[in-house]
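Subject: Structure for your review

Dear colleague,

I am handing over the structure below. My notes on what was found in it follow.

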Amino acid sequence: MSKLQLIATSAFGIEAVTARELKKLGYLEQKVENGKVTFSGDESAICRTNLWLRTADRILLKMGEFKALSFEELFEKTKALPWDEIIPVDAEFPVEGKSIDSKLFSVPDCQAIVKKAVVEKLKQKYKCEWFEETGPRYRIEVALLKDIVTLTIDTSGAGLHKRGYRKLVGGAPLKETLACAMILISHWKKDRILLDPFCGSGTIPIEAAMIGRNIAPGLGREFDAEKWPTIPQSLWDDARDEAYDMMVEDQELRIHGSDIDENAMSLARYHAKKAGVEDAIHLQRLPMSEISSRYKYGIIICNPPYGERLGEREAVEDLYREMGKVFKKLETWSYYVITSNMDFEKLFSRRADKKRKLYNGRLLCNYYQFFGPPPPKQIINTQQ
C-alpha cells in the first residue's frame, strides 16, 4: 500500500478533538491547522477514518501543495501532479475552489485552469480527447490561501455529519459532528448519566449513545471512495468488519433527552430508532423548568435557543435565568452549554470554569463549561 497525505477537515475550534480521534485510530503523524488536520496513512486509512471520525467534516486526499502567482504557474504545477495514477478514464471529476488573500482571486478561473490541467494530464495516459465522466466521482478542490495552492480529492462524498439516521429535520438542527465534539470535550464517560434538556430532534443523546456503544458513525452510509478502483473492496469490507467487531451492543447507558416540543420528541424517537439506539435513550416531553434527578454527578450537555431572531431575545434571556436556577439544584452535576448569546454567564448567574469558541454553522458561539465535583472513586474490594 502507498503512503498518502490525507486531510480531515473540521469546524473551527474542534481541530484538536479531531486530532485526538485520529491518534486513537493510530494515526500519530499529523499536523493541526485551522479547520483541518493533515495526517499520513495508506488506502485503508481512507476507509477507517471515513467510518470512524465523529467530529470531522470530510476526508480529503492531498494531491499537492505549491505557490502560484500566475495562471500559467497554476496550470503547469497542477498538470505535474499524478492525477493519472488516481483518476480512471471514466471518472466524474468536478472542480470546486476557494481563494483567500491570494493574487489569483478569481475562483471560477482557478477552477477552469485546474480542470484543464487535469484533463491534459489524463489525455497523456488514456490517449483520448474527450472524457464522458460517467463513472465514480472524484471531487477536486483547489484552495488558495496567501498564494499557496492546496489540491485535494474528496473521498467522503456527502459530509460526514450525514450519518444516515436523520431523515427528518426539525428547525435549526445541530450538526452531528458538533454534537459529538461537545460530548468529547466534556469527557463524559458511559457510566455517568447524561441529560440534554433541549434535545430537539435528538442529536446529542443519539451521538452520545453511539459513543457509549462504540458504534462507528459512518456504518450506515456510503462514501465516494468506495467506488474508486484504486481502493480494493476488501479494504472497505475489513474496515466495516472491524467496526462491527468493536461495537458494544449490550452496553447499558443512562442517557436522557427532553424537550417542551412534542413534535421534536417524535423526531427524536424516530431518529434514535433509525440509529439503532432507541433502547439506550430515555426521551420525554418535559419543560426545562421541571428538570430534576435523583442521580448525582451527572452531566448536562445542551444547545438551548439563542434568541437570534427579532422578538425572541427577551424570552431567551428569561430562559437562561431559569436555567441558572434549575441547574443549580443539581449540585454535583457538570453543565456544558453552547450559545451565541454573549451575556449567557450573567443571565445564568455563574461564571463558566472554562469557555471555548465554536461555530454552530456560521454563528460564532461560546461553549460554556461548568465543572461539578468529580464522582468518588469506587473502592474495589480485592479480598477473596
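Three bridges connect strand S8 (residues 194–196) with S9, and these two strands run parallel. Please keep in mind throughout that this is a predicted model.

The region around S9

Within that pairing, Leu 195 has His 256 of S9 as its bridge partner. S9 also pairs with strand S10 (residues 281–285), through five bridges and again in parallel. His 256 takes part here too, with His 282 in S10 as its bridge partner. Strand S9 itself (residues 255–259) is mostly covered, with four of its five residues buried.

The sheet that contains S9

These strands belong to an open sheet of seven strands with mixed pairing, in the order S10-S9-S8-S11-S12-S14-S13. S10 and strand S13 (354–360) are at the edges; each has a single partner strand, so one side of each is left without a neighbour in the sheet. Direction ignored, neighbouring strands of this sheet are turned by 20 degrees against each other on average. Helix H9 (residues 313–328) packs on this sheet and touches strand S11 (299–302) and strand S12 (334–339). The direction of H9 makes about 165 degrees with that of S12.

Is Gln 369 buried or exposed? Its relative accessibility is 3%, and since buried means under 20%, Gln 369 counts as buried. Neighbours within four places in sequence aside, Gln 369 is in contact with Ile 185, Tyr 335, Tyr 336, Ala 352, Asp 353, Lys 354, Lys 355 and Arg 356.

Helix H5

Ile 185, one of those contacts of Gln 369, is also among the buried residues of H5. Ten of the eleven residues of helix H5 (residues 176–186) are buried, so H5 is largely enclosed by the rest of the structure. The buried set consists of Glu 176, Thr 177, Leu 178, Ala 179, Cys 180, Ala 181, Met 182, Ile 183, Ile 185 and Ser 186. What do the buried residues of H5 pack against? They pack against helix H1 (15–24) and helix H6 (203–212), and against the strands S11, S12, S13 and S14. After H5 comes His 187, which has a positive phi, near 60 degrees.

The other sheet

There is also an open sheet of seven strands in the order S2-S3-S1-S4-S7-S6-S5, with mixed pairing. Its edge strands are strand S2 (30–33) and strand S5 (95–100), each of which pairs on one side only. From one strand to the next the twist averages 25 degrees. S2 and strand S3 (residues 36–41) run antiparallel and are joined by four bridges. Gln 30 has Phe 39 in S3 as its bridge partner. Helix H3 (residues 71–79) packs on this sheet, where it touches strand S4 (58–67) and strand S7 (148–154). The direction of H3 makes about 120 degrees with that of S4.

Phe 71 lies in helix H3. With a relative accessible area of 34%, Phe 71 is partly exposed, because that class covers values between under 20% for buried and over 50% for exposed. Leaving aside neighbours within four places in sequence, Phe 71 is in contact with Leu 104, Asp 109, Cys 110 and Ile 113. How far apart are the C-alpha atoms of Phe 71 and Arg 309? They are separated by 44 Å, and the two residues are 238 residues apart along the chain.

The protein as a whole

The protein has ten helices and 14 strands. Its C-alpha trace spans about 70 × 60 × 40 Å along the principal axes. The radius of gyration is 23 Å; a compact globule with 384 residues would have a value near 21 Å, so the two agree. Buried residues make up 53% of the 384 residues. Of the contacts with a separation of 6 or more, 76% are between residues 24 or more positions apart. The accessible surface comes to about 19,200 Å², and carbon and sulfur atoms account for 50% of that.

Kind regards

Definitions and conventions. Residues are numbered from 1 along each chain as its sequence is written. This is a predicted model: local features need pLDDT of at least 70, side-chain atom pairs count only at pLDDT 80 or more; totals for chains, interfaces and linings use all residues. Side-chain values use heavy atoms; hydrogens and water are left out. Two strands pair if DSSP finds at least two bridges between them. Axes are lines fitted to C-alpha atoms, for helices over the stretch in contact, and angles run from 0 to 180 degrees between N-to-C directions. Contact means heavy atoms within 4.5 Å. Buried means under 20% relative accessible area, exposed over 50%, partly exposed in between (1.4 Å probe, protein chains only). The radius of gyration is taken over C-alpha atoms; the globule rule is 2.2 Å times the number of residues to the power 0.38. Accessible areas come from the Shrake-Rupley method with a 1.4 Å probe; for residues, only the protein chains shown count as cover.
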